[in-house]
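This report goes through selected features of one structure, from surface charge to backbone angles. The sequence and the model come first.

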Amino acid sequence: MGFNKNGGNINWFPGHIDAANRAIRRRLKLSDFVIELRDARIPLSSANEDLQPMLCEKRRVIALNKKDLANPNIMHRWIRYFNSCKQECFPINAHSRSSVQKLLDIVEFKLKEVITREPTLLVMVVGVPNVGKSVLINSIHQIASSRFPVQEKMRRSTVGPLPGVTQDIAGYKIAHQPSIYVLDTPGVLVPSIPDIETGLKLALAGSIKDSVVGEDRIVQYLLAVLNTRGTPLHWRHLISRETEGLHHELDDKPEYNLKDLLPKRRKPPNKSDIYYIEDMVSEVQRTLCTTLSEFNGNLDDEGELEILIDQQFEALQTALKIPYKASEARMMVSKKFLTLFRTGKLGPFILDDVPDASDSAS
């Protein structure tokens with residue numbers, strides 16, 4: 001998959017993140033509380049290993065963002081695991097006002113013992129790239145503006161779809177008496193991925209630019225995970241079920257751009273667009289279920305698993321209505337399939353396995 005077995009060879013470490021890493025270490029010494037933001041789909045892989053020794057010495061809460069994309073049936077096991085490690089953990093959706101409000105309530109509760117001693121308190125948000133720090137900061141701003149009408153003028157964080165988009169460290173005042181500032185910090189990813197699993201999971205979650213790893217390799221890994229877990233077999237009911245209540249025919253419907261699923265300012269898809277996306281997702285799920293069900297090889301054999309994945313790429317090309325003569329058909333399949341996964345259309349997932357409770361959390 002392009003990775004060394006005992007160590008990663010990805011070195012995605014922009015200069016501004018290198019500088020921010022030094023600044024973060026300085027500010028960590030001054031901060032009273034830390035919100036460590038992680039991706040709920042990869043609760044351990046999205047931890048910043050370099051900062052863990054300093055973070056463990058601070059008052060902090062581990063906020064598992066994008067909980068709407070994570071499997072709720074497994075999330076409670078992660079919360080129990082972090083609690084067993086004596087680490088406060090709270091799943092959130094940074095786009096949800098109520099979810100962020102609950103997080104702020106936890107922060108204020110944890111800071112009560114400090115408020116009596118310090119007139120100014122600093123709360124720091126840290127995390128790997130593209131984990132949702134800027135979205136969280138902006139949500140905090142909205143809540144702070146309603147709770148504390150007297151606000152100093154603040155600059156909003158820049159929100160973007162690519163990792164590393166917030167390129168400086170800025171402070172935002174969110175409360176008076178005492179003054180509480182939230183410091184937004186760029187995500188700092190360690191310069192070398194420690195192992196193949198961590199690297200591919202981070203790439204799949206979008207914390208590493210797709211161009212660094214390659215969309216093809218990322219999708220190969222995703223398909224390998226789905227197949228070995230038997231996930232497509234849970235979609236078996238879609239094979240024989242006729243789609244009901246449709247108001248159009250797929251073959252006659254012009255192609256809907258999957259980029260419209262990504263967060264940005266736009267009008268929501270109309271009803272026919274939603275039907276089309278649902279039909280396409282069902283067709284993709286049926287395709288993966290059929291190919292896995294008909295596969296007679298050994299999934300534990302890397303070579304045979306690769307054969308299955310190649311078959312699925314070809315089948316997905318048909319399911320996603322990509323012309324067979326397209327020069328970059330496999331790349332087009334990869335990009336569309338990644339979009340479906342990252343927007344939660346294929347369902348909620350948690351890629352990390354819950355460690356034994358006796359293990360210490362990263």
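D301 lies in the loop between α10 (271-293) and α11 (302-319); helices (H or I, at least four residues) and strands (E, at least two) are DSSP runs, numbered from the N terminus. With a relative accessible area of 32%, D301 is partly exposed. The areas themselves come from the Shrake-Rupley method with a 1.4 Å probe, and for residues only the protein chains shown count as cover.

The model is predicted: local features need pLDDT of at least 70, side-chain atom pairs count only at pLDDT 80 or more, and totals for chains, interfaces and linings use all residues. Residues are numbered from 1 along each chain as its sequence is written, and side-chain values use heavy atoms, with hydrogens and water left out.

D301 belongs to a patch of negative charge on the surface, together with D300, E302 and E306. Patches are made of residues with over 30% relative accessible area and no salt bridge; like charges are joined within 9 Å, and nonpolar side chains (Val, Leu, Ile, Met, Phe, Trp, Tyr) within 5 Å. Asp and Glu count as negative, Lys and Arg as positive, while His and the chain ends are not counted. The place of a charge is taken as NZ of Lys, CZ of Arg, CG of Asp or CD of Glu.

Salt bridges are the next topic. A search of the whole structure gives 11 of them, a salt bridge being a side-chain nitrogen of Lys or Arg within 4 Å of a carboxyl oxygen of Asp or Glu. The table lists some of these pairs.

| Pair | N to O distance |
|---|---|
| E36 and R60 | 2.4 Å |
| E88 and K110 | 3.3 Å |
| R229 and D353 | 3.7 Å |

The salt bridge between E36 and R60 links distant parts of the chain, with E36 in strand β1 (residues 33-39) and R60 in strand β2 (residues 60-65), 24 residues apart. E36 is buried at a relative accessible area of 2%, and R60 is buried at 12%. A network of salt bridges links E36, R38 and R60.

In the salt bridge of E88 with K110, E88 sits in the loop between α3 (72-84) and β3 (89-91), and K110 in helix α4 (residues 97-115), 22 residues apart. E88 is partly exposed at 32%, as is K110 at 29%.

For R229 and D353, which also form a salt bridge, the separation is 124 residues: R229 is in helix α8 (residues 215-229), and D353 in the segment after α12 (329-342). R229 is partly exposed at 37% relative accessibility, whereas D353 is exposed at 58%.

Helix α5 (residues 133-147) has 15 residues. Its span from first C-alpha to last is 21 Å, close to the 21 Å expected at 1.5 Å a residue; the expected span is 1.5 Å times one less than the number of residues. Of the 15 residues of α5, 11 are buried, so the helix is largely enclosed by the rest of the structure. Among the buried residues of α5 are K133, V135, I140 and A144.

Two backbone angles remain. Most residues other than glycine have a negative phi. K66, in the loop between β2 and α3, has a positive phi near 65 degrees and is buried, at 18%. K321, in the loop between α11 and α12, has a positive phi of about 55 degrees and is partly exposed, at 37%.

Technical notes: Buried means under 20% relative accessible area, exposed over 50%, partly exposed in between (1.4 Å probe, protein chains only).
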